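Please look at the sequence and the structure before reading on.

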Amino acid sequence: MSAASVGSSKPAHSDVGSKKKKGPGALATAYLVIYNVVMTAGWLVIAVGLARAYLARGSYHGLYYSIEKPLKFFQTGAALEILHCAIGIVPSSVVLTGFQVMSRVFLTWAVTHSVREVQSEDSVLLFVAAWTITEIIRYSFYTFSLLNHLPYLIKWARYTFFIVLYPMGVTGELLTIYAALPSVQKTGLFSVTLPNKYNFSFDYYTFLILVMISYIPLFPQLYFHMIRQRKKVLGHVEDYSKVE
């Protein structure tokens, strides 16, 4: 789910805690800086594309088509983050990162791309807007953290904007999956019926319903985890300001 990325998806460069962890080597750091700069620029392209399309059309309906290609490219490019964790240049959980990244890739390709009927739904714009703002902030956060020059404004935005963007993204995702259900049921998209030589069946319609249900336990856990992270990261600054 997109909310996962809004949350504590990869606390790769945490500025919290008394013990300093050894960071990536110089070559790995240079690569990560380039990667995060490229991803920041990519999501900025998507943001500009949305704004230009809206100004040109005077309506937010169907804006997905104006940023479809860059959205697919850069969201799929996030899969490299799983590799970063796997080879150890980013100290985050491979499983957690994989789940968060692939849930977005799944929504991008297996739902929005594959079920064309939902592409004009307003719910798509809802999660795309949430993802776009989130990723611009997140990749900027990682870039400046790697360079050891993290502006407080970006840190604050990273641990504050999710309060609105997380529910916004989840709402858009759920509504989009829900909107895809009738078409999936009618066409039998990605479903495998019996009999077949593999003696295996799969109902994509039921699978999507299960995906929607999975948001119920996952959303609160991830959301309140980020609330706790916010208190850890920003709490001491806010307490200091009150003392001053």
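## Fold

Helices (H or I, at least four residues) and strands (E, at least two) are DSSP runs, numbered from the N terminus. The protein chain has 9 helices and 0 strands, in the pattern α-α-α-α-α-α-α-α-α along the sequence. Of its 244 residues, 46% are buried, a term that means under 20% relative accessible area, with exposed meaning over 50% and partly exposed in between (1.4 Å probe, protein chains only).

## Basis and confidence

This is a predicted model, in which local features need pLDDT of at least 70 and side-chain atom pairs count only at pLDDT 80 or more, while totals for chains, interfaces and linings use all residues. Residues are numbered from 1 along each chain as its sequence is written, and side-chain values use heavy atoms, leaving out hydrogens and water.

The predictor's confidence in each residue, pLDDT, runs from 0 to 100. Its mean for the protein chain is 90, and 87% of residues reach 70 or more. Over residues 239-244, pLDDT stays under 50. Where pLDDT is low, the predicted coordinates should not be read in detail.

## Salt bridges

A salt bridge places a side-chain nitrogen of Lys or Arg within 4 Å of a carboxyl oxygen of Asp or Glu. The count by this rule is 4. One of them joins Lys72 to Glu68, with the closest N and O atoms 2.7 Å apart; both residues lie in helix 3 (residues 64-77).

Another salt bridge joins Arg104 and Glu135 (3.0 Å, N to O). Arg104 lies in helix 5 (residues 94-113) and Glu135 in helix 6, so the pair ties together parts that are 31 residues apart in sequence. Salt bridges with shared partners connect Glu81, Arg104, Glu135 and Arg138 in one network.

Conventions:
Contact = heavy atoms within 4.5 Å.
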